Amino acid sequence: MTQRVPATGGEKDSLRISLDRHRDVVLWKLQGLDEDQVRRPMTPSGTSLLGLVKHLAATEYGWFCETFGRETEPLPFDDDPEADLRPTPSETTADIVAFYGRARAASDKVIDELDVDAVGTAWHGESVTLRWTLIHMIEETARHVGHMDIVRELLDGRTGDHPRD
């Protein structure tokens with residue numbers, strides 16, 4: 001990973017850098033793979049690298065933007081609550097990576113503009129702070145980066161959280 005959480009940094013900066021470290025790995029896990037490899041379901045439930053990126057993009061939009069009353073682009077749920085985990089045949093890797101980039105940028109804008117004590121309303125109706133949301137998204141992203149590590153290992157044997165020489 002290219003970033004390190006500062007050992008004596010402020011709360012908001014430390015949380016943001018922690019999230020960014022995991023976000024960077026999400027994109028790194030796709031590097032060097034072709035369209036078929038990133039789409040290939042590698043578990044009985046259908047988990048693929050590209051599906052996980054799509055899911056994380058939708059999750060970023062939901063937790064940061066919807067929770068704090070910001071606009072999002074249309075999210076891929078329709079009538080299927082797991083639609084965000086599956087790329088459609090018409091979505092390319094570039095499309096989904098761009099979707100993830102836009103979600104990150106929108107989330108970063110919320111993080112930049114709000115104090116960690118700012119309160120929003122989660123999709124389930126509970127009030128949550130930006131602090132809680134940052135912690136939740138660090139957990140969510142790290143969890144799915146772990147899944148991505150396993151899927152990538154199954155695809156080509158490559159593991160880890162950063163490029164190795």
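I began with the second largest pocket, whose lining comprises 15 residues, and I noted that Ser45, Gly46, Thr47, Leu52 and Leu85 lie nearest its centre. For this search, run on a 1 Å grid over the protein atoms alone, a pocket is an open set of points where a 1.4 Å probe fits, with protein on both sides within 12 Å along at least five of seven lines, and lining residues have an atom within 4 Å of a point. The model is predicted, so I kept in mind that local features need pLDDT of at least 70 and side-chain atom pairs pLDDT 80 or more, while totals for chains, interfaces and linings use all residues. Residues are numbered from 1 along each chain as its sequence is written, and side-chain values use heavy atoms, without hydrogens and water.

I read off a space of about 250 Å³ for the second largest pocket, a volume being the space filled by probe spheres set on the points, which are joined across faces, edges and corners. Helix 5 (130-156) supplies four residues, the largest share of the lining, and helix 3 (49-66) gives at least two; helices here are DSSP runs (H or I, at least four residues), numbered from the N terminus.

I next looked up Gln37, which lies in helix 2 (residues 35-39) and counts as buried at 18% relative accessibility; buried means under 20% relative accessible area, exposed over 50%, and partly exposed in between, with a 1.4 Å probe and protein chains only. Leaving aside neighbours within four places in sequence, I found Gln37 in contact (heavy atoms within 4.5 Å) with Gly32 and Leu155.

I then turned to salt bridges, each a side-chain nitrogen of Lys or Arg within 4 Å of a carboxyl oxygen of Asp or Glu, and the count by this rule is 19. In one of them the side chains of Arg131 and Glu11 meet at 2.5 Å, N to O. Because Arg131 lies in helix 5 and Glu11 in helix 1 (residues 11-28), the pair ties together parts that are 120 residues apart in sequence. Arg131 is partly exposed at 24%, and Glu11 is likewise partly exposed, at 39%.

I also noted a salt bridge between Arg104 and Asp20, with the closest N and O atoms 3.9 Å apart. This pair links distant parts of the chain, Arg104 in helix 4 and Asp20 in helix 1, 84 residues apart, and both residues are buried. Arg104 and Asp20 belong to a network of salt bridges that also includes Arg16, Arg23, Asp24, Glu60, Asp108 and Asp112.
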